[in-house]
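Here's a quick briefing for anyone opening this structure for the first time. Have a look at the sequence and the 3D view, then read on.

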Amino acid sequence: MKRRTIIITSIISTASFLVANGQVQEEKSIFHYSVMDAMRNGVYTGDISAKSLAHKGNFGLGTYNNLDGEMIALDGIFYRVAPDGRVTKVETDRLVPFASIVFFKADMEYEISSIKTIEMLQKEIISKLPSANKPYALRIECTFESIAVGGANKLQDDNITGLAELMKTRPLYKRKQISGTLIGFYNPPSFASIDLSPFHFHFLSDDKTFGGHLVSGELSSVKIKISIDEKPGYEIILPQENKMFNKHWPQQNDIKSSY
């Protein structure tokens with residue numbers, strides 16, 4: 001069966017275009033494989049590979065089949081944060097149940113300081129967004145005084161426990177005085193079934209040895225570089241080989257900023 005593609009844009013037309021050097025260029029949407037509501041309801045296997053995702057973007061986040069590690073894509077390289085916290089470049093044939101990927105090109109870049117908490121950082125970003133009703137890819141280069149990131153424990157094939165329950169016992173990795181990049185997205189509340197809203201961040205250290213889903217942290221007072229890439233919407237491809245995806249999902253009522 002062919003994959004079905006859903007295009008969701010925040011404007012009437014199905015694509016957005018930019019004019020550069022006298023040529024019309026298509027502005028790419030955020031490519032989403034599956035949706036967060038699927039993960040909330042125990043859909044943990046997909047049929048798209050890391051190699052195929054690389055054709056959809058060079059920047060993003062996600063996870064791997066059976067939650068066997070967190071996904072980070074930065075500068076065209078796809079990484080896997082294993083359940084034990086080790087960070088490695090991923091095998092190109094490893095399959096994915098959920099991912100959010102873009103070709104990142106900043107529309108806005110600026111530096112700030114005196115931001116200490118994640119909450120302050122998020123408020124700062126929202127204040128700079130042209131519209132809170134559109135999605136954005138976010139690249140933030142920063143230093144943490146302390147940080148906690150989450151991983152995932154590999155599941156058995158028949159485990160369909162909801163993601164919120166699994167995250168209660170997820171592995172946590174902590175570091176102090178560490179510099180790196182937050183790879184993430186701002187997703188409007190109206191799209192909370194697609195991804196975490198308003199923000200979803202993964203972190204990767206500069207030396208590429210530490211990373212995971214951002215849980216908490218205290219930022220250093222040194223300068224923070226924020227790059228924002230406005231997107232016209234989402235391109236969504238849904239899993240076709242997962243029977244659980246086709247069943248009724250009990251958890252579809254609440255819009256959440258968490259799993």
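Predicted model: local features only at pLDDT ≥ 70, side-chain atom pairs only at ≥ 80, totals over all residues.

Residues are numbered from 1 along each chain as its sequence is written, and side-chain values use heavy atoms, with hydrogens and water left out.

**Strand E6**
- Strands here are DSSP runs (E, at least two residues), numbered from the N terminus.
- E6 covers residues 59-63, and five of the five are buried, so the rest of the structure largely encloses this strand.
- Buried means under 20% relative accessible area (1.4 Å probe, protein chains only).
- Phe59, Leu61 and Thr63 point one way from E6, while Gly60 and Gly62 point the other way.
- In a regular strand, side chains alternate between the two faces of the sheet.

**Its partners**
- Two strands pair if DSSP finds at least two bridges between them.
- Strand E11 (residues 98-102) runs antiparallel to E6, joined by five bridges.
- Strand E7 (residues 70-74) also pairs with E6 in the antiparallel sense, over four bridges.
- Threonine 63 has phenylalanine 98 as its bridge partner in E11, and stands opposite glutamate 70 in E7.

**The turn and loop**
- E6 and E7 make a hairpin with six residues between them, and asparagine 66 in the turn has a positive phi of about 65 degrees.
- Aspartate 68 sits in the loop between E6 and E7, and counts as buried at 10% relative accessibility.
- Leaving aside neighbours within four places in sequence, aspartate 68 is in contact with Arg80, Pro83, Arg94 and Lys154 (contact means heavy atoms within 4.5 Å).

Methods. Buried < 20%, exposed > 50% of the residue type's maximum accessible area, 1.4 Å probe, protein only.
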